[in-house]
Amino acid sequence: MVDILVKGGTLPDGTQADIAITGDRIVDVAPGIAAKAGEVIDATGDLVSPPFVDPHFHMDATLSYGIPRINASGTLLEGIALWGELKHETTIDAMIDRALRYCDWAVSMGLLAIRSHVDTCDDSLKGVQAMLQLRETVKPYLDLQLVAFPQDGLYRDPTARENTLRALDMGLDVVGGIPHFERTMADGAASVRDLCEIAADRGLPVDMHCDESDDPMSRHIETLAAETVRCGLQGRVAGSHLTSMHSMDNYYVSKLLALVAEAGISAIPNPLINIMLQGRHDTYPKRRGLTRVREMQALGIPVGWGQDCVRDPWYSLGTADMLDVAFMGLHVAQMSAPEEMARCFEMVTETNAAIIGLPDYGLRKGALASLVVLDAADPIEAVRLRPDRLCVISKGRVVSRKARNDAALTLPGRPATVHRRH
Ligand SMILES: [Zn+2]
């Protein structure tokens with residue numbers, strides 16, 4: 001007797017298997033499991049995947065679009081200024097309320113683990129308090145990792161360093177940074193050194209907003225790679241955005257990527273936000289501003305897709321669907337070969353989970369019983385359709401269900417319903 005049996009689904013690698021769940025664990029993955037179950041979920045013909053993972057988000061700012069006004073220029077810098085106004089007037093309760101609503105969206109989309117940066121440039125550390133409360137509230141069904149993020153610059157903001165250390169003392173999980181926003185390149189490099197030392201001292205991972213710029217001379221990723229090796233942080237460091245790499249000289253990149261690979265750094269591009277923000281100072285040709293995804297993957301550098309923003313001062317859209325992120329990333333990085341399209345699905349599941357170090361993740365015996373049933377046959381179709389999440393299970397509990405939703409046609413001589421699988 002098991003608690004839940006998910007029957008007949010197709011796993012992302014194409015194999016068909018039933019999945020048996022007892023308590024919060026997967027107890028078996030095999031074809032034709034005969035055990036009796038408290039609940040049987042029929043996934044015949046449907047894709048059954050481990051949950052989606054977002055390795056880069058801003059939970060303290062989410063769903064605040066239009067408060068107190070919208071970002072008229074559409075640039076990163078106006079977004080930072082706008083957030084600077086909002087964060088001083090908002091309250092802990094309002095932040096938690098908006099974030100909880102976002103977490104509901106996430107759960108319904110099968111997104112069950114999120115690494116969120118939290119702004120530490122505020123003497124009251126309201127956002128940090130709010131997100132620590134939120135982390136506990138959602139823990140039974142959603143894993144939230146929190147990055148101490150000095151949004152206004154570790155050195156550029158006079159109390160940022162002290163407040164970032166306080167935030168880490170309060171229990172944030174990861175050391176963040178924003179070297180390209182410091183006043184000078186030298187300050188940016190110094191901030192990377194300082195933050196890597198802080199992470200090494202405290203035994204924490206690092207995830208920096210790094211070179212989110214169209215300036216080809218923004219080369220903080222080089223310092224991040226060197227400091228990762230110097231501080232012995234290999235395998236614990238991620239560089240988020242890395243958009244300046246889009247504009248860098250090819251010869252320089254050929255040296256740089258080898259350093260990044262040697263340091264065991266992961267890359268987290270955020271294609272929805274960066275296709276919106278980058279190239280705003282260009283006329284034509286207009287740069288896309290996405291980092292060099294395929295080139296890094298060719299060198300074995302782990303690259304995941306992050307969402308970054310949903311309905312906030314930087315990005316006006318977003319749905320908590322990591323398949324929207326994969327869909328945009330696939331287009332902008334021109335990942336059109338079948339294995340590349342499938343890899344885009346893997347990036348928002350397995351790769352993202354590995355990058356943020358999620359324990360017990362995956363569809364295997366002994367792993368946490370978290371999964372999502374999608375109305376698609378395989379990962380490529382899932383990216384194409386961004387389909388309904390028919391059932392979401394988190395830690396052994398069904399947390400969301402959705403009915404299959406085919407359109408009803410009223411055309412003479414044509415089928416009564418349209419199912420867009422192909
Ligand atoms: Zn970000």
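Helices (H or I, at least four residues) and strands (E, at least two) are DSSP runs, numbered from the N terminus. This report uses these elements to describe a predicted model, in which local features need pLDDT of at least 70, side-chain atom pairs count only at pLDDT 80 or more, and totals for chains, interfaces and linings use all residues. Residues are numbered from 1 along each chain as its sequence is written.

**Domains**

The domain assignment of the protein gives domain 1 as 2–50 + 362–408 and domain 2 as 52–355; such bounds come from an automatic or database domain assignment. The C-alpha centres of the two domains are 30 Å apart. Contact between the domains involves 16 residues of domain 1 and 21 residues of domain 2, where two residues are in contact if their C-beta atoms, placed from the backbone, lie within 7 Å. On the side of domain 1 that touches domain 2, helix 12 (379–385), strand 14 (389–394) and strand 15 (397–401) each supply at least two residues. Helix 12 gives the largest share of that side, with 4 residues. By residue class, the side of domain 1 that touches domain 2 holds 9 nonpolar, 4 polar and 3 charged residues. Here Ala, Val, Leu, Ile, Met, Phe, Trp, Tyr, Cys and Pro count as nonpolar, Asp, Glu, Lys and Arg as charged, and the others, Gly among them, as polar.

**Helix 4 and its two sides**

A residue is called buried if 20 or more other C-beta atoms lie within 10 Å of its own, exposed if 12 or fewer, and partly exposed in between, with C-beta atoms placed from the backbone. In helix 4 (residues 160–170), the residues Ala-160, Asn-163, Thr-164, Ala-167 and Leu-168 are buried. They are on the same side of helix 4 because they cover an arc of only 145 degrees around the axis, the arc being that of the directions from the helix axis to the C-beta atoms. An α-helix has 3.6 residues a turn, so residues three or four places apart point the same way. Glu-162 and Asp-169, on the other side of helix 4, are exposed. The cover over the buried residues of helix 4 includes helix 3 (126–138), strand 8 (143–149), strand 9 (174–175) and helix 5 (185–202). Gly-171, which follows helix 4, has a positive phi near 120 degrees.

Strand 11 (residues 237–241) is mostly covered, with 5 of its 5 residues buried.

Val-237 of strand 11 is the bridge partner of Val-206, and Ala-267 of strand 12 is the bridge partner of Gly-239. Strand 10, helix 6 (residues 220–230) and strand 11 make a right-handed β-α-β unit. A further right-handed β-α-β unit consists of strand 11, helix 7 (residues 250–262) and strand 12. A crossover is right-handed if, with the strands pointing away from the viewer, the path from the first strand over the helix to the second runs clockwise.

Glu-222 belongs to helix 6. This residue is partly exposed because 18 other C-beta atoms lie within 10 Å. Leaving aside neighbours within four places in sequence, Glu-222 is in contact with Leu-256 and Leu-259.

**Backbone features in loops**

Most residues other than glycine have a negative phi, and most peptide bonds are trans. The peptide bond from Ile-67 to Pro-68 is cis, with omega near -5 degrees, and Pro-68 lies in the loop between strand 6 (52–57) and helix 1 (76–89). Tyr-284 and Pro-285 are also joined by a cis peptide bond, with omega about 0 degrees; Pro-285 is in the loop between helix 8 (271–277) and helix 9 (293–298).

Asp-308 is not a glycine, yet its phi is positive at about 75 degrees. Asp-308 is placed in the loop between helix 9 and helix 10 (322–332), and is buried because 29 other C-beta atoms lie within 10 Å. Asp-360, likewise not a glycine, has a positive phi of about 60 degrees. The loop between helix 11 (338–355) and strand 13 (371–374) contains Asp-360, which is partly exposed because 15 other C-beta atoms lie within 10 Å.

How values were computed. Two strands pair if DSSP finds at least two bridges between them.
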